[in-house]
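Here is a quick tour of one chain, written for someone who likes to know the cut-offs. Have a look at the model, then read on.

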Amino acid sequence: MTSNQAWVLGLASLASFMMALDSLVVTTALGAIRRDLGASVETLEWTVNAYNMAFAVLLLTGAALGDRFGRRRTFVVGLAVFTVASAACASAPTIGVLIAARVLQGAGAALVLPLSLTLLSAAFPGRQRGRAMGLYLGITGLATFSGPFVGGVVTEGMAWQWIFWLNLPVGVLAIVLTTLRVAESTGPNGRFDLGGVVLVTLSAFGVVWGLVRGNAAGWTSPEVLGALVLGSGLVVAFVLWERRTSAPMLPMRFFRSRAFATANPANFCVFASLYGTLFFLAQYFQVVLGDGPLGAGLRLVPWTATLMICAPIAGRLADRYGERAFVVGGLALQTAGMGWVSVASGAGAGYAQLLPALVVGGVGLTMAMPAAQKAVVGAVRPAEVGQASGAFMMLRILGGVFGVAVAVAVFAGVGGYGSAQDFGAGFTAAMGAVSAFALVGLLVALGMPGRRRTAAAPAEPAANAPATLVPGPVSTAEGEGAG
């Protein structure tokens, strides 16, 4: 790769690492936060959910702002917001201030993460994109998997505030280097889709609120049902608006591409399965196997290592053999691995018996993630990657929220925290649900187009965007369906 490509890859991966790490790093610091700030269980839950809610709700808006006002400029603004919010989290005197600062952190992350993918996709042509995304996702995945471990190490060795203070020097460095090393670019539309922004923000808020509050308030409560119905109705309104407006933030014609229309829901299932597993696995090591936070984090390391080792390889091979085989194959491995964990944990197996299944599932996730991402951004023109990236990232986060919500509901219906036996029973059922998510994703991914050389867009070009072909072999398909 060129020097410019290396800088874009490094800075995009660094920013993505920071955003992904902070989504889970507080989980092992919750006990210390509760003692220091006098927090209740409900407010502790919001220290995690406030970040993810703001993140999911504003993702498409972040991508639209980047296309309109400059991707590098918006990326830098997002980094600055995230960095300032991290300082506010570290110095929060009360749990309410911490939750508010976490919301601001999530808003900054929503500006940064989709644009990190956009900048990366614009810097690498189609024939190189899979390998670059494999490296990018390997680093991002490391943050996701190691978040609880890092939080435990920092909290035990220093203080919980340092999980936020450490963002400051990294954030400042990333801002300076991005300003100096990354070129500015904009999207194909010069106008800002205010109506679309309002509708997608409110619809995402309704859906996410319902998913987050479902287990606490009850899935049939007026609050949860009202939020889900309102959010779903606003999704329909958003689709209708985007079909009629002259400058949509998410052109509906993208969904006429088989690659875009199948890789996105398949990736939703990938992250539902991933986050559902992550939420319970470290707890299982502590409650059932008797490990401390540090020991539980160490037991996750072999799973983490699969991302660092396999993601770049899987991404590079997807460039050569197409994305469908890797998404389907990866989800098949995750289905088998988590099904194995469910059966083995129900039989009282120890860590040694679970480890092979975890490695199999980790390899599967590693195969599927870069291939699905490459399929989505390869289905649109280079100038439209920002819009596609926002949709991809939003569905990814929503998949994680959905996976945790459903896994927790299944866990609570079968087991609980009363004893190790109760937790083990709930964990077994939750891992069965996680395996089912992967199976559904596999069935959806079978509809992805096979590898073929084709135009990158399914319809007529935008008014100010040339009909450019994505260089190299990409596996996209037009509305007729190829493969």
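How many helices and how many strands are there in the chain? The chain has 17 helices and 0 strands, where helices (H or I, at least four residues) and strands (E, at least two) are DSSP runs, numbered from the N terminus.

A bit of housekeeping: this is a predicted model, so local features need pLDDT of at least 70 and side-chain atom pairs count only at pLDDT 80 or more, while totals for chains, interfaces and linings use all residues. Residues are numbered from 1 along each chain as its sequence is written, and side-chain values use heavy atoms, with hydrogens and water left out.

**Inside**

Of the 483 residues in the chain, 57% are buried; buried means under 20% relative accessible area, exposed over 50%, and partly exposed in between (1.4 Å probe, protein chains only). Take the contacts (heavy atoms within 4.5 Å) with a separation of 6 or more: 82% of them come from residues 24 or more positions apart.

The largest nonpolar core holds 114 residues. By nonpolar core, we mean a set of buried Ala, Val, Leu, Ile, Met, Phe, Trp, Tyr and Cys residues joined through side-chain atoms within 4.5 Å. Met19, Tyr136, Leu250, Phe260 and Phe280 have the most contacts inside this core. Once neighbours within four places in sequence are set aside, Phe260 is in contact with Leu250, Phe254, Phe255, Pro265, Val376, Ala379, Val380, Ala388 and Ala391. Another core, of 22 residues, lies apart from the largest one and includes Leu37, Ala39, Ala50 and Phe164.

Glutamine 5 sits in helix α1 (residues 3–24) and counts as buried, at 9% relative accessibility. Its side chain reaches the backbone nitrogen of threonine 2 at 2.9 Å, and glutamine 5 also touches Ala123, Phe124, Pro125 and Gln128, not counting residues up to four places away in sequence.

Leucine 166 is in the loop between α7 (162–165) and α8 (167–181), and is partly exposed at 39% relative accessible area.

Asparagine 215, in helix α9 (residues 194–217), is partly exposed too, at 33% relative accessibility. Asparagine 215 and alanine 409 are 194 residues apart in sequence, yet their C-alpha atoms are 6.2 Å apart.

**Salt bridges**

How many salt bridges does a search of the whole structure find? It finds 2, counting a side-chain nitrogen of Lys or Arg within 4 Å of a carboxyl oxygen of Asp or Glu.

| Pair | N to O distance |
|---|---|
| Arginine 73 – glutamate 184 | 3.9 Å |
| Lysine 374 – glutamate 323 | 2.9 Å |

Lysine 374 lies in helix α15 (residues 351–377) and glutamate 323 in the loop between α13 (301–321) and α14 (324–346), so this pair ties together parts 51 residues apart in sequence. Lysine 374 is buried at 2% relative accessibility, and glutamate 323 is buried at 2%.

As for the other pair, arginine 73 is partly exposed at 48% relative accessible area, and glutamate 184 is partly exposed at 31%.

Technical notes
Polar contact = N/O pair within 3.5 Å; in protein donor to acceptor, adjacent residues only side chain to side chain.
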